[in-house]
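Subject: The structure you wanted to look at

Hi,

Here is the structure, ready for you to open in your viewer. My notes on it follow below.

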Amino acid sequence: MAKVEIYTWTTCPYCIRAKALLDSKGVKYTEYNITGDNAARAKMIERTGGPDSVPQIFIDGKHYGGCDDIHALDAKGQLDPLLAA
C-alpha cells in the first residue's frame with residue numbers, strides 16, 4: 001500500500017470531498033490538519049513547491065495536487081494503481 005498524506009483544514013469542503021474519495025477506496029492516510037497553524041502551512045507550501053490551498057495530497061512522497069486533481073486521476077483510472085503501489 002502506498003503512503004498517502006493529506007493536508008487539510010477542518011471546514012474545507014474540498015478536503016472533506018478528497019478524504020471521502022480516499023475513504024471510499026479503503027485508503028489509510030495521514031492527515032495533517034493545519035487549520036490556523038501558519039508554521040504547518042508554511043511547511044506544506046515548501047513541500048508542494050508553491051500551491052498554498054488545501055487539500056494538498058502526497059502519495060509516496062510525491063505531490064499530486066488537490067481534490068480536483070485526485071478526482072481527475074480517479075476518473076482516468078490512474079489513482080488506484082498509485083494507491084496500490
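The protein chain has four helices and four strands (DSSP runs numbered from the N terminus, with helices being H or I of at least four residues and strands being E of at least two). Along the sequence they follow the pattern β-α-β-α-β-β-α-α. The radius of gyration is 12 Å, close to the 12 Å that the globule rule gives for 85 residues, so the chain is as compact as a globular protein of that length (the radius is taken over C-alpha atoms, and the rule is 2.2 Å times the number of residues to the power 0.38).

Two things to keep in mind: this is a predicted model, in which local features need pLDDT of at least 70 and side-chain atom pairs count only at pLDDT 80 or more, while totals for chains, interfaces and linings use all residues. Residues are numbered from 1 along each chain as its sequence is written, and side-chain values use heavy atoms, with hydrogens and water left out.

Now the inside. Buried residues make up 36% of the 85 residues (buried is under 20% relative accessible area, exposed over 50%, partly exposed in between, with a 1.4 Å probe and protein chains only). The largest nonpolar core has 15 residues, and Val4, Leu22, Ile57, Ile59 and Leu83 touch the most other members (such a core is a set of buried Ala, Val, Leu, Ile, Met, Phe, Trp, Tyr and Cys residues joined through side-chain atoms within 4.5 Å). Strand S1 (4-8), helix H1 (13-24), S3, helix H3 (67-75) and helix H4 (79-84) each give two or more residues to this core. A second, separate core of eight residues includes Tyr7, Cys15, Met44 and Val54.

Tyr7 is worth a click. There are two aromatic pairs by the rule used (rings of Phe, Tyr and Trp, its six-membered ring, with centres within 6.5 Å; planes under 30 degrees apart are stacked, over 60 edge-to-face and the rest tilted). Tyr7 and Tyr32 make a tilted pair, 4.9 Å centre to centre with 35° between the planes. Tyr7 lies in strand S1 and Tyr32 in strand S2 (residues 29-33), so this pair ties together parts that are 25 residues apart in sequence. Tyr7 is buried at 3% relative accessible area, whereas Tyr32 is partly exposed at 29%. Tyr7 and Phe58 form an edge-to-face pair, 6.0 Å centre to centre with 70° between the planes. Together, Tyr7, Tyr32 and Phe58 form one aromatic cluster.

Best wishes
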